[in-house]
Amino acid sequence: MPNIVLFSGSSHHDLSQKVADRLGLELGKVITKKFSNQETCVEIGESVRGEDVYIVQSGCGEINDNLMELLIMINACKIASSSRVTAVIPCFPYARQDKKDKSRAPISAKLVANMLSVAGADHIITMDLHASQIQGFFDIAVDNLYAEPAVLQWIRENIPEWKNSCIVSPDAGGAKRVTSIADRLNVEFALIHKERKKANEVDRMVLVGDVKDRVAILVDDMADTCGTICHAADKLIDAGAIKVYAILTHGIFSGPAIPRINNAPFEARITSFLRPATFYLCVLANPRDLAVTST
């Protein structure tokens, strides 16, 4: 049976170290650097011949550089005769570009899937894909892990009024996610229909459902600039919600995100990240003071 070798990309070394500690492994030796023309160079510092290789690299931060680094690492391990290469990508890059929604628009998530396959990946592990159909873009095994069990536990343990709550999706695309959570909790659900002027800019929102005199729990897979989630919170307060919580799988928080969520009427903001066999929920009651709760 091949041994497991775990490598970390540059995107989230702390996460990779926590994974290694949980598994009782040392992180594999790898050197990543850039040439003066900004080309990425990767050097695998140990033999991977016949080994089961896992590479942890998330689609956050410098997304394009991190994606290229991941592709090079996969290829370097593959041509070094590794038995299998698994890419662990908690936040899948370009996941929001999963369909052709207007003329001449690219399907970039499909392109990324093709690139990972051509680089030599045998298996993909990711978490709460923006659209589940992205799994169908691959001809290799894809494991899409869900934050739902951790979300349910956090709601039951930390929201005293959860039985008088309403699970809300900030867009129509997350309807299946919130209905599943609402069914498990035996509470009502609602959704918000949004119209965008352009990417990352919401024009208009319409609430479908009743949140009056209830605790509204917004659940979404991703928060980037946080425009959607903050507008949704304002909409729910205007509709009569007594409290608003936000639970987000991938807290990217780019651009004006932090000032926006500081000024939004949230009781608490929750985001999660992946660790083997467990999830961590980070309670952002104040984003500058993170309290981490293991689940």
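Buried means under 20% relative accessible area, exposed means over 50%, and partly exposed lies in between (1.4 Å probe, protein chains only). This is a predicted model: local features need pLDDT of at least 70, side-chain atom pairs count only at pLDDT 80 or more, and totals for chains, interfaces and linings use all residues. Residues are numbered from 1 along each chain as its sequence is written, and side-chain values use heavy atoms, with hydrogens and water left out.

**Exercise 1. Find where pLDDT stays under 50.**

Step 1. Recall the scale: pLDDT is the predictor's confidence in each residue, from 0 to 100.
Step 2. Take the overall value. The protein has a mean pLDDT of 86, and 87% of its residues reach 70 or more.
Step 3. Locate the stretch. Residues 273-295 stay under 50. The model has 68 contacts (heavy atoms within 4.5 Å) for them beyond four places in sequence.
Step 4. Read with care. Where pLDDT is low, the predicted coordinates should not be read in detail.

**Exercise 2. Work out how the buried residues of helix α5 are arranged.**

Step 1. Helices are DSSP runs (H or I, at least four residues), numbered from the N terminus, and strands are E runs of at least two.
Step 2. List the buried residues. In α5 (residues 175-185) they are Ala175, Arg177, Val178, Ile181, Ala182 and Leu185.
Step 3. Look down the axis. These buried residues fall within an arc of 160° (directions from the helix axis to the C-beta atoms), so they line one face of α5.
Step 4. The face away from the buried side carries exposed Lys176 and Asp183.

**Exercise 3. Describe the largest nonpolar core.**

Step 1. Such a core is a set of buried Ala, Val, Leu, Ile, Met, Phe, Trp, Tyr and Cys residues joined through side-chain atoms within 4.5 Å.
Step 2. The largest has 30 residues; Ile55, Ile74, Phe92, Leu116 and Ile134 have the most contacts inside it.
Step 3. At least two residues each come from β1 (4-8), β4 (52-56), α2 (63-79), β5 (84-89) and α3 (108-119). Helix α2 gives the most, 6 residues.
Step 4. Apart from this core lies another, of 25 residues, including Val168 and Leu218.
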